[in-house]
Amino acid sequence: MANGGPVCGPISTFSRVQLLHLVQTRADRTIGELCDATGLHPNTVREHLQRLIEGGYVIQASERRTTRGRPRTLYSAATGAADASSPIARNKAKAAAERGDLLRRVLPASASALGRDAIYQLDALIEHLEESGFEPVVDDEQLTVDLSPCPHAAGRAEDRPMLCTVHLGLMQGVLTEAGGPLAAEAVRATALPAECTVQLRLTEMTAA
């Protein structure tokens, strides 16, 4: 994928974006399905999936069979839900919170109206975004994350809708895995490709 800056992490290539889109739109995908949908070689698909599993963005499970035969491996997006949780993503969220606490002790920031769980969610989200090549600027009052300039701005315009959808799903998975009241609501569309702002929202958990 062409881009205007360094891109890494789960959306570093359009092939990974395609694979993530497929497992986000339907769980329990097989290697064969993913190959047919993308035109990629099985070994290439397996390599990408392994990287995504190691990053905490995809999970795998063995097919439950009622007939004889070797069960297939099924792949799904790690959404943070109870049935689609990645232990790698959980550990990353915990480590991000610990690093965030350390940084806040060393460099005290202005007080935030957000509670501890929401702050820990932001810790995990910021690390995910930095890992993906962004330079996030968080406004915890407006609940926005400014990702401008988008490192994918120079990419093909026809690829952007899928890329934004996939990235929104990844961010939602990170926030859900971290646990707390924040959710990723939308990627704001603008006429300028380099402009990218993510809108967050507080869920009803805050009323509890």
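Student: What should I know about the model before reading it?
Tutor: It is predicted: local features need pLDDT of at least 70, side-chain atom pairs count only at pLDDT 80 or more, and totals for chains, interfaces and linings use all residues. Residues are numbered from 1 along each chain as its sequence is written, and side-chain values use heavy atoms, with hydrogens and water left out.

Student: How do I read a nonpolar core, and which residues have the most contacts inside the largest one?
Tutor: In soluble globular proteins, nonpolar side chains tend to be buried together. A nonpolar core is a set of buried Ala, Val, Leu, Ile, Met, Phe, Trp, Tyr and Cys residues joined through side-chain atoms within 4.5 Å. Buried means under 20% relative accessible area, exposed over 50%, and partly exposed in between (1.4 Å probe, protein chains only). Here the largest core has 39 residues. Val45, Val58, Leu125 and Leu200 have the most contacts inside it.

Student: Which element gives the most to this core?
Tutor: Helices (H or I, at least four residues) and strands (E, at least two) are DSSP runs, numbered from the N terminus. Helix α1 gives the most to this core, with 6 residues. Elements that each supply at least two residues include α1 (14–25), α3 (42–55) and β6 (197–202).

Student: What is valine 58 in contact with?
Tutor: Contact means heavy atoms within 4.5 Å. Neighbours within four places in sequence are left aside. Valine 58 then touches Leu20, Val23, Leu49, Leu52, Ile53, Tyr75, Ser76 and Ala78.

Student: How do I read cavities, and how many are there of 30 Å³ or more?
Tutor: Work on a 1 Å grid over the protein atoms alone. A cavity is a set of points where a 1.4 Å probe fits but cannot get out. A pocket is an open set with protein on both sides within 12 Å along at least five of seven lines. Lining residues have an atom within 4 Å of a point. Grid points are joined across faces, edges and corners, and a volume is the space filled by probe spheres set on the points. This structure holds 2 cavities of 30 Å³ or more.

Student: What lines the largest cavity?
Tutor: There are 13 lining residues, and Phe134, Cys150, Cys164, His167 and Cys196 lie nearest the centre. Helix α6 (residues 160–178) supplies the largest share, 5 residues.

Student: How many residues line the second largest pocket?
Tutor: The lining has 22 residues. Gly56, Tyr57, Leu170, Gly173 and Val174 lie nearest the pocket's centre. The volume is about 320 Å³. Again α6 contributes, giving the most to this lining, with 7 residues.

Student: How do I read salt bridges, and how many are there?
Tutor: A salt bridge is a side-chain nitrogen of Lys or Arg within 4 Å of a carboxyl oxygen of Asp or Glu. The structure holds 9. Glutamate 127 and arginine 99 form one, at 2.7 Å, N to O. Glutamate 127 lies in helix α5 (residues 116–131) and arginine 99 in helix α4, so the pair ties together parts that are 28 residues apart in sequence. Glutamate 127 is partly exposed at 26%, and arginine 99 is partly exposed at 45%.

Student: Which residues are linked in a network of salt bridges?
Tutor: Asp101, Arg104 and Asp123.
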